Amino acid sequence: MPSFFLALLATALATVGGREALRVARLAAALRQSMALLAACWLAAAGGLALAVWIGAGVAGWLHPDAKAMLVALALLLAGLELLMLGAPPKPAEPTRSFGAIALVLAAGQLTGSGGLLVMALAAWSGIPALAGAGGMIGGAAVLTAAWAMADDWERLPLRSIRRTTAALLIAAGVAAALAARGLLG
């Protein structure tokens, strides 16, 4: 069960500060919070993070347990750096109304963003990849749903502060995980 809760929390934190939630909020405002967009959010979270779990489960067989712990540390560090370095995506000039295109873009964002990276690493580390995937999917989809529900109000949140604070937490957790994996922490 720890992998479920770790993945849920890590993915939710990374998604709140990430680019996909802002993209969903902007699309929700432009498309008047269509139910198709909400369905695309859930489908994207499920599909993108399922692929991350599949990759993590495949990698797990190749790695020594100490290497799995270092993979988690590296994923935490990279997720934090991504949040620090990548800014907000541009506002869509004319948002697409294509369900497939929206779902594909959101799924790619979930897979390649910090949330997907964290789920992949936790799936490789945990030994029970399905739990890590379920936690990541629920965490990511919940944040995307909140962004969809808030639409224009999402940008009124202190997103820059949230992104920086989340990045700092992820980087600190990554450093602590790396030190623990190397046996330098208690």
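**Figure 1. Helices of the predicted model.** The protein chain holds eight helices and zero strands. This is a predicted model. Read from the N terminus on, the order of elements is α-α-α-α-α-α-α-α. The protein chain is as compact as a globular protein of its length, because its radius of gyration is 16 Å, close to the 16 Å that the globule rule gives for 186 residues. The C-alpha trace spans about 50 × 30 × 25 Å along its principal axes.

Figure 2. Which share of the contacts with a separation of 6 or more comes from residues 24 or more positions apart? Such residues account for 89% of these contacts in the protein chain. As for burial, 44% of the 186 residues count as buried, where buried means under 20% relative accessible area.

**Figure 3. Surface and charges of the protein chain.** The accessible surface comes to about 9100 Å². Carbon and sulfur atoms make up 70% of this surface. The protein chain carries 12 positive and 7 negative charges.

**Figure 4. Confidence in helices α5 and α7.** Which elements of the protein chain have the lowest and the highest mean pLDDT? Helix α5, residues 99–112, has the lowest, at 88. Helix α7, residues 129–150, has the highest, at 94. Over the protein chain the mean pLDDT is 90, and 98% of the residues reach 70 or more. Where pLDDT is low, predicted coordinates should not be read in detail.

Technical notes. Residues are numbered from 1 along each chain as its sequence is written. This is a predicted model: local features need pLDDT of at least 70, side-chain atom pairs count only at pLDDT 80 or more; totals for chains, interfaces and linings use all residues. Side-chain values use heavy atoms; hydrogens and water are left out. Helices (H or I, at least four residues) and strands (E, at least two) are DSSP runs, numbered from the N terminus. The radius of gyration is taken over C-alpha atoms; the globule rule is 2.2 Å times the number of residues to the power 0.38. Buried means under 20% relative accessible area, exposed over 50%, partly exposed in between (1.4 Å probe, protein chains only). Contact means heavy atoms within 4.5 Å. Accessible areas come from the Shrake-Rupley method with a 1.4 Å probe; for residues, only the protein chains shown count as cover. Lys and Arg count as positive and Asp and Glu as negative; His and the chain ends are not counted. The place of a charge is taken as NZ of Lys, CZ of Arg, CG of Asp or CD of Glu. pLDDT is the predictor's confidence in each residue, from 0 to 100.
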